[in-house]
Amino acid sequence: MSSTNNQHIARFVSELKTGSLLTKRKPNGDQYSRHFFLDEYEHFISYHQSEKVFAQPNRYYIHKINEIRPGLQTRTFDRLFRHKIVEQEDEKRAFSLFYNNYRDELHLMANDGQTRDAWIQALQHLIHTHTQRRQRHVITETNWILNYFYLADKDGSGTLTKNECRRLLIDSLNAKVSKNAFETLFNAADTSGEGVLTPDEFVNLFYALTRRKDLYAIMQQYVKNGHKQSMDTIRMNIDELLYFLRNIQNQTIIKYQSDECTSDYSLVSVTEREQVQELINEFETDVELQEKGQLSLNGFRNLLLSDEFSVMKPWCSRHIYQDMTRPLSDYYINTSHNTYLFNNQISGTSNPEAYNRVLCSGCRAVEIDCYDGANGRPIVKHGYTLVQPCLFESIIRFIEPNLFKISPYPVILDLENHCSIEQQHEMARILKQVFGDRLITEPLSTNDSSVLPSPEDLKYKVLVRVIEHDLAGLFIYFQNIPFLPNENDKDNYSCCHSPNLSEKHFDRILENDPLDLIKQTGKSVFRMYPHGLRQDSSNPDPINAWNFGIHMVALNFQHDDLMMSLSYGKFIDNGGCGYILKPKYLINAYKINFNPFDYLKKPLMLPDNIIEHPQRLTITIISGQFLSRSNETTQDIPDPYVVVSTHGILCDQQTQKTKFIENNGFDPLWNETFQFNICFPQMCLVRFDVYDYDVFTKDDRIAYFCLPMTTMQTGYRHVHLRTKHNNLTYSTLFIHVTIENN
């Protein structure tokens, strides 16, 4: 961003803190004018409540906002426009906020377009800034630290007593420090000796509390005379840091040719002193130490907390690095089931924003259940349930801006078509009108008709998958057909046939002829969807379906369960583009007769035609940082423990867990080591789940992270944990990883 743009954004942010008059618009036509503003610390926007209203004004937290959408392209504004409550000229003054994973909406109208644009640009900047923030940023950010101070300062005195400070540590930071340790920390920070802490003194106490004893112990091992150095005086020089990065971390870093937004990059090992000096300049906050080529304990913490040094190779999560020129049948595809739902399968409302939620999560195949609606307008609903419908056209129009926001590779619209021919034609008209030349309406001229085109061939394209071939002449690359178990009938399959299997049907096929199924996935794209009895929107385990080559395992994104975290882990790879290349032994399964059921137990040796490299994965769970409570209402400090599990071919599925640490979500220490012997690393996911132990009730999952084993970095690494619906957190695990060939 240029300096001129930075100045504009800074001015807009400043204007938002002053605030301006905006009008809230409701679907029923009600409107309320309020003075909206950005809070001083840039954490949320709110408004001044009318004196006649006693309710507290809402706070819309920046980190919970998913999208700022200009104009009238929402259900609320669309309804108001159709009822002539707003006009086309209001397009320039209108904007909407979607937050809480698109579940909630706020629709606003500014007095003029200039005010509207200032709000949009400033909020988009703040949202981007928040998404880049990690633990290493906030624990050194005075405003973030003081936010806790002012929340704890109940009487508004501008100071914290010992009791207020101790309650803050317990209630907000989940830190139950022993009485003696607390007295030492408090007295050291209380430089005035008055028995209370000023804001500056509290910041110093926080810094002392967050010093990492586990990292200090590591530095002592690799710094000359480290055992003689205190946490304040220990320093790592260039040569010591070079040794650590080269020999302990086996560190590779990304070198960009221009900026981080480009795909033009190379991977280089850390071997030169100049590289290490650049890292010291980036992560050491003390300028004098930078000039001396030294890294303090805080600088070492900042380095290890950065994304580049985390457990996942950053180029795997940031960039599309796999071969994207293979036929579509060679890839796993991130797929959603009953996408229009936000909750369970039997009630609620069909919502276009549910599609935007999954698209912005990296999903590339969505499901649309289509029925005849009134006045010749097709609707989307869950048949034979209480789910309220929405217009097919609303979904198509509202998802259009987000189709390729996350990934350039094709979006697949899986149309479960219950419409008459007339309304099928209307659906085709809408698709053509909204998507234009991005909609595939005929075969690609350069494509071999015997195989499917590649994701690269179909960049920025929309494909349609339907039960029949008559949708007003649209060309269908994925024709939804029944699975054909008869050997003779399978000769009638073309690459454009796409069998659809229920979870139960898939299980029956595995019982009867698993090898036949896995061979067929080499030519056609298969889809599996959850059993109809899963009315709570729970999900089947996708691992077995992926093991047998199923490309599109449709999951209920609306249900935050263990199965969804596996899907997030699978598709975080390859830049999160939604397409993951299969291993060669699954692509060529029809040639080599690969059958996962042959590997219920670990084999002594793999056949020569299966190209895999069995490995021993050793993980030490060292510590945790800033682990939150399981929900916002509980008063209990977590008693956390960590479950480490591997998911892949049957012989590789293992689970191990640590002991629980009583009353410590702030900095629990485990130092427990686990080993996993993995025969098929290319199919193996590694998941870290943090639970809160409870002797009386079911243990709640606090946070998690999942990733492919092939993307793990070795050495000392932080795991940046996710929470409900894969949302980012400031919580981390600190671990050590080794991977050795078996």
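A salt bridge here is a side-chain nitrogen of Lys or Arg within 4 Å of a carboxyl oxygen of Asp or Glu. By that rule, the count between domain 2 and domain 5 is 0 salt bridges. This is a predicted model, and its protein chain is divided into domain 1 (2-134), domain 2 (141-210), domain 3 (213-309), domain 4 (328-596) and domain 5 (612-741).

**Where domain 2 meets domain 5**

- The centres of these two domains, taken over C-alpha atoms, are separated by 30 Å.
- At the interface, 10 residues of domain 2 are in contact with 11 residues of domain 5.
- About 840 Å² is buried between domain 2 and domain 5, and carbon and sulfur atoms give 61% of that area.
- On the domain 2 side, the residues that lose the most area to domain 5 are W144, N174 and K176, together 57% of what that side buries.

- You will find P540 in the loop between β23 (527-529) and α21 (542-547).
- P540 counts as buried because its relative accessible area is 4%, where the cut-off is under 20%.
- Setting aside residues up to four places away in sequence, P540 touches E503, M528, P530, R534, L555 and M563.
- One of those partners, M563, is 23 residues from P540 along the chain, yet their C-alpha atoms are separated by 6.8 Å.

**Helix α16 and E393**

- Helix α16 (residues 392-399) is largely enclosed by the rest of the structure, because 7 of its 8 residues are buried.
- Those buried residues are F392, E393, S394, I395, I396, F398 and I399.
- E393, which lies in helix α16, has 16% relative accessibility and therefore counts as buried.
- The side chain of E393 makes polar contacts with two arginine side chains: that of R377 at 3.3 Å and that of R397 at 2.8 Å.
- Apart from neighbours within four places in sequence, E393 is in contact with R377, R429 and I430.

Methods:
Residues are numbered from 1 along each chain as its sequence is written. This is a predicted model: local features need pLDDT of at least 70, side-chain atom pairs count only at pLDDT 80 or more; totals for chains, interfaces and linings use all residues. Side-chain values use heavy atoms; hydrogens and water are left out. Domain bounds come from an automatic or database domain assignment. Contact means heavy atoms within 4.5 Å. Buried area is the accessible area (1.4 Å probe) that two parts lose on being put together, summed over both. Helices (H or I, at least four residues) and strands (E, at least two) are DSSP runs, numbered from the N terminus. Buried means under 20% relative accessible area, exposed over 50%, partly exposed in between (1.4 Å probe, protein chains only). A polar contact is a pair of N or O atoms within 3.5 Å; within protein, one must be able to donate a hydrogen and the other to accept it, and residues adjacent in sequence count only if both atoms are side-chain atoms.
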